[in-house]
Amino acid sequence: MAQHNDANKVIGKSVIRTDAVAKVTGRAEYTEDMHRPGMLVAKYFRSTISHGRVTDIDTTAAVQHPGVEAVFTYKDVPQNVFATAGHPFSLDPHHKDIEDRLLLTGNIRCLGDEIAVVVAQDELTARQALQKIKVVCEPYPPLIRPEEIMAEGARQIHQGSPNIIGEHRYRCGEVEQGFAEADHIVEGDFTTAMVQHVHLENHIAHAYMDDMDRIVIVSSTQIPHIVRRIVSEALSFPLSKIRVIKPFIGGGFGNKQDVVVEPMVAFLTLQMSGRPVQINLSREECMLCTRNRHPFFLKVKTGVMQDGTMVARDMDVISLTGAYASHGHAIAAAGGAKQSALYPRTPARFHARTLYANIPTAGAMRAYGSPQILYALECATEDAARKIGMDSVAFRLKNIARQGDINPLSKEKIASCGLAECLEKGREFIDWDRKKREYAHHKTGPVRKGLGVACLAYASGTYPVCVEIAGARIVLNQDGMVHVMVGATEIGQGSDTVVAQMVAETLGIAYDHVRVVQAQDTDVTPFDTGAYASRQAYVVSNAVFRAASELKAKICRHAALMCGSDAADLDIVGGVVIDSKKSARVMALKDLAIDSYYHKERGGQLSAEVSYKTTSNAPVFGCTFVDIDVDIPLCKIKINRIINVHDSGVILNPVQAAGQVHGGTFMGIGAALFEEVLIDRETGYVYNNNLLDYKFPTFMDIPSLHHDFVETFEPTSGYGNKALGEPPVITPPPAIRNALLDATGVHINSLPLSPHVLFTHFTKNGLLKSRGEQHV
Amino acid sequence: MTGQNDNGFTRIQCTVNGVPRSLFIDVRKSLLELLRQDLGLTGTKEGCGVGECGACSVLVDEVLVDSCIYLAVWVDGKAIRTVEGEARDGRLSPVQQAYVEEGAVQCGFCTPGFIMASTSFVEKHQGQEVSADQIRKGHAGNLCRCTGYQNILKAVEKSLKP
Amino acid sequence: MFDLQTYHKAGSVEEAIALLAANPDSRLLAGGTDILIKLRHGKSGFAELIDIHGLAELRSIRKDAEENILIGSGTTFTDIIESKLLQRSIPMLCDAAQSVGGPQIRNMATIGGNICNGVTSADSAPGLFGLNALLQIHGPDGLREVPVAEFYLGPGKVDLRRGDVLVAFKITPENYAGSFGYYYKYAMRDAMDIATIGCAVSLKTAASKVSDYRIAFGVAGPTPIRCPKTEQAVLGRELSAELFDCIAEVVIGDVNPRTSWRAAKDFRLNIIQELAKRATHKALQRALHPAGQKEGETI
């Protein structure tokens, strides 16, 4: 689609990211750095039980505490319920997110639920005042486990709404026939833990009024334009009078694809006569009271032929969304769709239910349901391969998606697919065949060795479930450089950098002559729904390519006006307008620019703006290969070598792409071996909402991370690129589980594979004697 | 607030990125709060407030500390280095330059703390043979959620080269 | 801001003792890596502080004329790691210091604070138990010496009376000279973590036999503990594979770990048995190959 002139080649180069220098010097401004004089501090008063009702609240002493400006309780807030998920608005009333939130609540649905808020002159005063609020609660039995949540007569966590908030099924192909004809049927039950994003910058936002009736919100968000709409809904306040600014953001991973503190700061500034009010969640609050990854309970049944063909698959999934719906059932639905994308020729049926529970709320998190689903599927695939005694890689090569396959669920033809090549590359890197033979001799004794593999399919956005809209505006400056405004949200993933590369490539100018405006400002930047679903580079590419092409045409037309040649013969190469017919230099862009601005009759400010809806969704693929040691007595897994290989179309910036893969692999290893939000199954109490007890891997816990790409060209995107941000997190956990199985013969179907879990299973399977008297 | 001080405030002398300062400070403040609120040095970040993430790392008399659990009064008579002081005369420090070149920066929130940890590590190990495990151990007090530490490792290795 | 109620800076140990006596509800603040965190979390009992941070008289590692090794209570873990004297004489304490937190914490946290907070997971405790360290405590009535094992009165409770300041740890030559030790920390992560189990072994060998053997644990009971039955069983035994099985078997009788949300008792017992063997093995390696000994070596 894009015509590339080699001299303009910027795509595929590891240019330095646009914000690297600002970040290494500490000059990049994040929300907390944009402190306003006289800013008030708000802090939530939170529940200490996980289910119940406030029967009495006394804030008198808190109000009287010196330095306190105001205290609001659940009785003082607007009573219009709103949904918080950072989804585009849906014109289909049946496809709307569940509206179940108020700014504050007297109905307690999880530990840390927000009952009141103190506004004070400073943080310490606010914390002191919180101690003085007295509350009486009537506790209800917490509903934590699926069976008790779905039990007949169980209390509705949201009165008037069923505890099952979403349910759906799909079916592709002749599943029953497949099971009837299968040589073997392999079944397994799987669970995945609740994990947390743990972006380094906690949730933070402040709001003030810059006029009598306009609210400005500065927030660390992935979705500024959606924040604007949801705040408008929550407060019944006109959207056009709300301005959302997103400065630099210290990571999100989906947790900031939700509207969390913004409606409250907007409400508070309205209450406080427009004075600036900030909420800066502590790490403990952020880990307890924002969003998490949905824990899943899955059953997978696979029918397999002796020749290695998977002929039927059945999946039944329960997902816990916690106290509030947030992204709700969309997570299980999105995850469930990956079976048909990864194994399109296998008949499959899927059933999923999403439940409320008195546990912290789950929302969007990197790869949106796929880590849970593909954990179960890729464990089940491994079990099927082992059942027939076939090599794990060969088995996958037989069943995986190939270019030209039709995805039976979306009915779309897979236009680009390099998964088989990914598997070949990974197999070679990890030295699979040789090590398989070698490790056969390491299946006894205290330290055992194993290899594992897992595959993934993912998408490049949310279409056709949601609209995929992106906007780009490019302005030629007086000196021949350009400024670019996009609605795409830079959250650390490097989207501004690849946008600059795209503009430079298409326009024919140097990368460092492109300035992408970093801060999003809904008053100014074009509309885009934000950073999620690995959509940004894919969806924005279509808008940027068109805008840059349009601006280029305008520039060439102006050059034609200036020099009397035919605009069709003109091109821009290296910042210079050339006549491609004569291979001659026409003029430097800066000379053209100054003419377009200041010539008294011709020209003007040359710019182009495109808002574009992408109506395709390119599937992406990848895999993880891992080589591990298992120390049986210590119940620990050591990763000797790990590689993720991805087909993400054309790689726009290899160093940045590597960074996404490393980061995802790291987060996947965290989920595989270390991380779990520990919730008491009786009380709903959360034990480890801090960085000491939530085992986020340190530098010492992570091995060297390897990556590789299989570059395909995706015709539906502006530059041949496809999604990459989320997929790398998906496959490390099943690959590691499969390697553990390879090393020990022990099937563990849960996450994380922590020492505690290994101990239980090793003891149960006789690898360790109970009461610790191990004999290996 | 009582004690041997002026109504909870006390005067301290220190240098901040080479500049001598005389400050009248609330003794309840952390060094992080002193830097961010009183001195406007917002490059240093708070990620947890309890010494678990390292985002607030600075050097005090060349010792790497978490400024969130370091009382501001403790810098009396000492020299503080923060991320803002590392680039001089319009040039990035070698550590900063290596981070930029190796793609060791993503969201950037942990970066100022990491830059100071690496600066401390590199200055301590200049001219020595250093293993990857030593680098890991020397940066184990700094958490990063974006990079998997891989490109940070490369950046530190690059900064150690003369 | 920390919610401090009173704050006094002590210019000397003497002054600290006087301030403690005058402010009965106050506590000492040294490295801050424990106290300031508790203060930030709003735990009661930490709002009145007497600051002994950085007192030079508390920060030293030296050998006296009687060959006792004296470690000041204000010595940081980094000081311990970098001490040539300890690297040479008691590397087990360097292992323990290496295992604490991360660099920033090791630069600030003091060995005195690690012991005075009374927690069973203190990484420096098992080693000090094995060394029969004596705590030199200055109080209003002068100096007293308390064996580390007697200092721990219960979880979070230590033998510090009003006006007491722990000034140093004394390790006498019969407890370290000719001994080889190792501290093995087991935690969920390799840094920034609390010990699930910590195990220190120090031993002497003579003529292929164990002539002295001490084994101590953190988190194997409400306080750090020594394991007398295991020590008794090992003493005088030949170095052999069976010795390790014996250690693993007997050590169960010495320990009493509990189930908490962090780890179950059975799991901890399994780790205790394994660490007892592995720490002994590591200490023996040091005893048999003292020249090749490397500081802070991890397994």
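**Close-up views of a predicted three-chain model**

**View 1. Buried side of helix α12 in chain C.** The buried residues of α12(C) pack against α11 (228-234) and α13 (265-288) of chain C. Helices here are DSSP runs of H or I with at least four residues, strands are runs of E with at least two, and both are numbered from the N terminus. The model is predicted: local features need pLDDT of at least 70 and side-chain atom pairs count only at pLDDT 80 or more, while totals for chains, interfaces and linings use all residues. Residues are numbered from 1 along each chain as its sequence is written, chains are lettered from A and ligands numbered from 1 in the order in which they are written. Helix α12 spans residues 241-251, and its buried residues include C:Leu243, C:Ile247, C:Ala248 and C:Val251. A residue is buried if 20 or more other C-beta atoms lie within 10 Å of its own, exposed if 12 or fewer, and partly exposed in between, with C-beta atoms placed from the backbone. These four residues cover an arc of only 135° around the axis, so they lie on the same side of α12(C). The arc is that of the directions from the helix axis to the C-beta atoms. C:Ala241 and C:Glu242 are exposed, on the face of α12(C) turned away from its buried side.

**View 2. Packing of helices α3 and α5 in chain B.** Helix α3 (residues 111-124) and helix α5 (residues 150-160) of chain B pack at an angle of about 35°, and their axes are 10 Å apart. Axes are lines fitted to C-alpha atoms, for helices over the stretch in contact, and angles run from 0 to 180 degrees between N-to-C directions. The residues of α3(B) at this contact are B:Phe114, B:Ser118, B:Phe121 and B:Val122, which meet B:Ile152, B:Val156, B:Ser159 and B:Leu160 of α5(B). Two residues are in contact if their C-beta atoms, placed from the backbone, lie within 7 Å. By class, the contact of α3(B) with α5(B) has six nonpolar, two polar and no charged residues. Ala, Val, Leu, Ile, Met, Phe, Trp, Tyr, Cys and Pro count as nonpolar, Asp, Glu, Lys and Arg as charged, and the others, Gly among them, as polar.

**View 3. The side of chain B that touches chain A.** Chain B has 38 residues in contact with 44 residues of chain A. On the chain B side, two or more residues each come from α2 (94-101), α3, α4 (132-138) and α5. This side of chain B has 18 nonpolar, 15 polar and five charged residues.

**View 4. The side of chain C that touches chain B.** Here 24 residues of chain C are in contact with 28 residues of chain B. In chain C, β1 (6-9), α2 (35-40) and α6 (103-108) each supply at least two residues of this side. The largest share, five residues, comes from α6(C). The side of chain C that touches chain B divides into eleven nonpolar, eleven polar and two charged residues.

**View 5. A three-strand open sheet in chain A.** The strand order is β4-β2-β6 (chain A), with antiparallel pairing. Two strands pair if DSSP finds at least two bridges between them. β4 (107-108) and β6 (134-139) of chain A stand at the edges with a single partner strand each, so one side of each is left without a neighbour in the sheet. Strand β2 (residues 52-58) of chain A pairs with β6(A) over six bridges. A:Asp56 stands opposite A:Val136 in β6(A).

**View 6. Strand β1 of chain A and its partners.** Six of the seven residues of β1 (residues 40-46) of chain A are buried. Two bridges join β1(A) in parallel to strand β12 (residues 277-280) of chain A, where A:Val277 is the bridge partner of A:Leu40. Six bridges join β1(A) to the antiparallel strand β5 (residues 114-120) of chain A, and A:Val41 stands opposite A:Ala120 in β5(A).

**View 7. Backbone exceptions in loops.** Most residues other than glycine have a negative phi, and most peptide bonds are trans. The peptide bond between A:Tyr463 and A:Pro464 is cis, with omega about 5°. A:Pro464 is in the loop between β16 (447-458) and β17 (469-476) of chain A. B:Glu62 has a positive phi near 70° and counts as exposed, with 12 C-beta neighbours inside 10 Å. C:Val219 also has a positive phi, of about 70°, but is buried, with 32 other C-beta atoms within 10 Å.
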